[in-house]
Amino acid sequence: MKNGKLQVAVVGCGGIANQKHFPALSGQKDKCEIIAFCDIDEERAKTAAKYGAPGCQVTTDYMDVMENPDVDVVHVCTPNVAHCPITVAAFEAGKHVMCEKPMAATTADAQKMMDAWKKSGKKFTVGYQNRFRTDSQALKRACDEGKLGDIYFAKAHAVRRRAVPTWGVFPDKSKQGGGPLIDIGYDGCTCIEVEDKAFEGSQEKVLDSLRLSKRYMEQFVI
């Protein structure tokens, strides 16, 4: 920290960073400041630097960020398939990590990230923001208090009224890692996870259902 503020680096200066991370971080200037911007498109990183502190770092190589001793926390806002190597590198460099959702493109990558986190002793969070919605938290409390009885089934349903996103890497499985389930499906699935205490003893049934859904949904990948 510097002057009582967390020193933040953002890797991936595309849509989600500009729409969510930069405005949110800029609104917390009493608590943090962005001191490093990284993107494979240098111009995009330079443009994003308008949100940064004076003299902020701009680079196209995320390892430059990891080698910056002033960086406390790294926000990983890249395409899904790049989440794992960047997150692991950040933990190995002694940084905290905020990773965009989904956590990883594969289970193996997610495990590597978890192993690196546990070894680092640093903080790790993934952008499952719907867990913190007022309605999600109210449902969590109701489950914890036993107000809903013996819960044996839950269904997550999501509708995107703006149709299929066709920009960025959304339609590119090689970078996205999957279809609708890995993107919008994560929001519904993670809300169910919030109530996971209610499903004690039934986790394998839930996972089986998700595996079947994944095989069904992936046929719609463009």
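**A guided tour of the predicted chain**

Residues 24 or more positions apart account for 63% of the contacts with a separation of 6 or more in the chain, a contact being heavy atoms within 4.5 Å. This is a predicted model, in which local features need pLDDT of at least 70 and side-chain atom pairs count only at pLDDT 80 or more, while totals for chains, interfaces and linings use all residues. Numbering runs from 1 along each chain as its sequence is written, and side-chain values use heavy atoms, with hydrogens and water left out.

Begin with the whole chain, coloured by secondary structure. Nine helices and six strands are present; helices (H or I, at least four residues) and strands (E, at least two) are DSSP runs, numbered from the N terminus. Of the 222 residues, 38% are buried, where buried means under 20% relative accessible area, exposed over 50% and partly exposed in between (1.4 Å probe, protein chains only).

Next, select helix H5, residues 107–120. Its 14 residues should span 20 Å at 1.5 Å a residue, and the end C-alpha atoms are 20 Å apart, which agrees; the expected span is 1.5 Å times one less than the number of residues. The buried residues of H5 are Asp109, Ala110, Met113 and Ala116. Viewed down the axis of H5, these buried residues fall within an arc of 125 degrees, so they line one face of the helix; the arc is that of the directions from the helix axis to the C-beta atoms. The face turned away from the buried side carries the exposed residues Thr107, Lys118 and Lys119. After H5 comes Gly121, with a positive phi near 80 degrees.

Now display the aromatic rings. The structure holds four aromatic pairs; rings of Phe, Tyr and Trp (its six-membered ring) pair if their centres lie within 6.5 Å, with planes under 30 degrees apart counted as stacked, over 60 as edge-to-face and the rest as tilted. Phe22 and Tyr51 are stacked, at 4.9 Å centre to centre and 25 degrees between the planes. Phe22 lies in helix H1 (residues 15–26), and Tyr51 in the loop between helix H2 (42–48) and strand E3 (57–59), 29 residues apart. Phe22 is buried at 0% relative accessibility, whereas Tyr51 is partly exposed at 26%.

Finally, select Phe91 and Phe124. Their ring centres are 5.2 Å apart and their planes are at 85 degrees, so the pair is edge-to-face. This pair links Phe91 in helix H4 with Phe124 in strand E6, 33 residues apart.
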